[in-house]
Amino acid sequence: MNFVEELRWRGMLHDIMPGTEELLNKGMVSGYIGFDPTADSLHVGSLAQIMTLIHFQRAGHKPFALVGGATGMVGDPSGKSAERNLLSEDVLQHNLNGIQKQLEKFLDFDCGANSAQMVNNYDWFKSYTFLNFIRDVGKHITVNYMMAKDSVKNRISGDTGMSFTEFTYQLVQGYDFYYLWKHNDCALQMGGSDQWGNIVTGTELIRRKDAGEAFALTTQLIKKSDGSKFGKTEGGNIWLDPGKTSPYKFYQFWLNTSDEDAKAYIRIFTLFDKETIETLEAEHATAPHQRALQKALAMDITIRTHGEAEYLKAIKSSEFLFGNTGIEFLNELNDSEVLGLFEGMPNFSISLDELKGGISAADLLAARTSVFPSKGEAKKMILGGGVAINKAKINSENDIYNAGHLIGGKFIVAQKGKKNYFLLIAE
């Protein structure tokens with residue numbers, strides 16, 4: 001497998017330093033990508049870089065995942081990102097452990113010579129004094145060099161300026177590449193296209209400090225056709241951790257991809273070969289309403305992230321909310337999974353003691369909760385056959401519901417029409 005060609009046909013390749021492809025075709029190469037440890041989970045925005053490392057390893061090369069334990073302690077050097085706060089050593093270690101467990105789902109850390117390896121830049125910076133760093137690194141990368149890079153030039157000129165912290169931060173990132181080149185024979189750094197300047201700082205440091213040669217490759221930044229930010233929803237980031245984003249919600253994120261985006265994402269985020277993808281594209285073009293691309297995309301990435309059992313559960317969850325699956329399905333879920341399934345939908349607390357005594361349908365839906373604004377509205381829609389409790393239509397506003405109707409001893413599901421769900425939680 002030709003790694004660079006694989007990225008090309010998948011539409012992932014952005015920039016590549018001359019000589020990189022020739023190096024990769026000679027034999028096994030060690031290369032790395034950096035990951036931000038500001039949370040104990042990666043999110044889907046990190047998946048493009050994870051996929052790059054997957055293809056890199058599948059092509060016979062050795063992938064390194066660098067987590068910035070040291071740079072994570074600095075936070076955002078520009079002070080503009082609320083998500084990149086300064087973190088303590090304990091929090092960082094917790095985050096690193098979570099990230100490694102996730103990367104182990106995608107990369108093979110025990111396959112011989114090209115086993116994946118995770119490294120933490122805190123390990124080589126924790127005893128590195130500031131004076132030694134400036135002496136060993138700073139003298140090789142001048143301010144004029146940094147100003148010559150377009151990505152920095154626009155920020156360093158004018159009134160906004162570039163803080164000393166920002167300048168040092170970029171030197172640190174360059175030194176990471178130098179350290180891995182020196183100690184781990186790492187000849188290639190990869191990343192998103194916005195990281196090109198930082199990467200070539202590393203290659204330049206290797207050249208100036210040790211007369212060495214290293215290479216750079218960047219991938220396309222993931223965009224959405226409507227201009228909105230990839231990986232974000234109204235509820236925030238889509239995380240790889242099932243405790244932060246349920247497998248059902250994760251599955252739905254990919255399933256709801258637009259047709260235009262699905263054509264790009266099926267190549268970027270799945271391991272389907274070119275022939276399979278072209279067959280799916282042809283099938284989708286023939287019957288777009290069947291959403292063949294979205295279904296295949298959601299299946300592949302959900303299984304690789306959460307496993308087949310969670311994928312099948314996500315399918316059942318979709319069928320429960322949008323199809324004919326009965327209420328019994330909820331008994332297969334734990335409390336947090338039920339709450340995750342109904343995330344974003346209205347929910348109400350009801351008294352378990354009152355429920356034990358029995359509550360009429362009208363009272364349950366309009367007095368004890370606000371499913372309907374009034375009992376009159378509830379009665380009207382019940383008579384029209386448009387209201388259900390636990391997937392069973394209510395026959396009369398006087399029907400009685402009690403603790404025996406609780407799913408898992410805690411939940412009652414109310415519906416107005418087919419798609420408007422309300423979760424009642426007994427407490």
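Asp363 is buried, with a relative accessible area of 19%, where buried means under 20% relative accessible area, exposed over 50% and partly exposed in between, for a 1.4 Å probe and protein chains only. The model is a predicted one, in which local features need pLDDT of at least 70 and side-chain atom pairs count only at pLDDT 80 or more, while totals for chains, interfaces and linings use all residues. Residues are numbered from 1 along each chain as its sequence is written, and side-chain values use heavy atoms, with hydrogens and water left out.

Asp363 forms a salt bridge with Lys375, and the closest N and O atoms are 2.5 Å apart. Lys375 lies in helix 20 (residues 375-383) and Asp363 in helix 19 (residues 361-367), so the pair ties together parts that are 12 residues apart in sequence. Helices (H or I, at least four residues) and strands (E, at least two) are DSSP runs, numbered from the N terminus. While Asp363 is buried, Lys375 is partly exposed, with a relative accessible area of 45%.

A salt bridge here is a side-chain nitrogen of Lys or Arg within 4 Å of a carboxyl oxygen of Asp or Glu. By this rule the structure has 17 salt bridges. Side chains of opposite charge can pair when their charged atoms come close. One of these pairs is Asp210 with Lys182, whose closest N and O atoms are 2.7 Å apart. This pair links distant parts of the chain, 28 residues apart: Asp210 is in helix 11 (residues 196-210) and Lys182 in helix 10 (residues 164-184). Asp210 is partly exposed at 29% relative accessible area, and Lys182 is partly exposed at 48%.

Another salt bridge joins Lys249 to Glu343, with 3.3 Å between the closest N and O atoms. Lys249 belongs to helix 12 (residues 247-255) and Glu343 to the loop between helix 17 (335-341) and strand 9 (347-350), and this pair too links distant parts of the chain, 94 residues apart. Lys249 has a relative accessible area of 24% and is partly exposed; Glu343 is partly exposed at 45%. Glu5, Arg8 and Glu21 are linked in a network of salt bridges.

The nonpolar interior comes next. In soluble globular proteins, nonpolar side chains tend to be buried together. A nonpolar core is a set of buried Ala, Val, Leu, Ile, Met, Phe, Trp, Tyr and Cys residues joined through side-chain atoms within 4.5 Å. The largest such core has 57 residues, and those with the most contacts inside it are Phe3, Val44, Leu47, Ile50, Trp254 and Phe269. Helix 3 (residues 47-58) gives the most to this core, with seven residues. Trp254, leaving aside neighbours within four places in sequence, is in contact with Val44, Leu47, Phe230, Tyr265, Phe269, Gln294, Leu297, Ala298 and Ile301, contact meaning heavy atoms within 4.5 Å. A second, separate core of 25 residues includes Phe64, Ala70, Val172 and Ile206.

Arg10 is a charged residue to look at separately. Arg10 sits in the loop between helix 1 (3-9) and strand 1 (13-16) and counts as buried, at 2% relative accessibility. The side chain of Arg10 reaches the backbone oxygen of Arg267 at 2.8 Å. Beyond neighbours within four places in sequence, Arg10 is in contact with His55, Ile266, Arg267, Ile268, Thr270, Leu271, Phe272 and Ile277.

The structure holds zero disulfides, a disulfide being a pair of cysteine sulfur atoms within 2.5 Å. Cys111 is partly exposed, with a relative accessible area of 32%, whereas Cys186 is buried at 0%.

Strands of a sheet pair through backbone hydrogen bonds, either parallel or antiparallel. In this structure, five strands form an open sheet in the order 9-15-14-11-12, with mixed pairing. Strand 9 and strand 12 are the edge strands, and each pairs on one side only; two strands pair if DSSP finds at least two bridges between them. Strand 14 (residues 411-416) and strand 15 (residues 420-426) run antiparallel and are joined by six bridges. Lys416 has Asn420, in strand 15, as its bridge partner.

Most residues other than glycine have a negative phi, and most peptide bonds are trans. Phi of Asn390, however, is positive, near 50°, and phi of Lys391 is positive as well, near 70°. Asn390 counts as buried at 12% relative accessibility, while Lys391 counts as partly exposed at 26%.

How values were computed:
A polar contact is a pair of N or O atoms within 3.5 Å; within protein, one must be able to donate a hydrogen and the other to accept it, and residues adjacent in sequence count only if both atoms are side-chain atoms.
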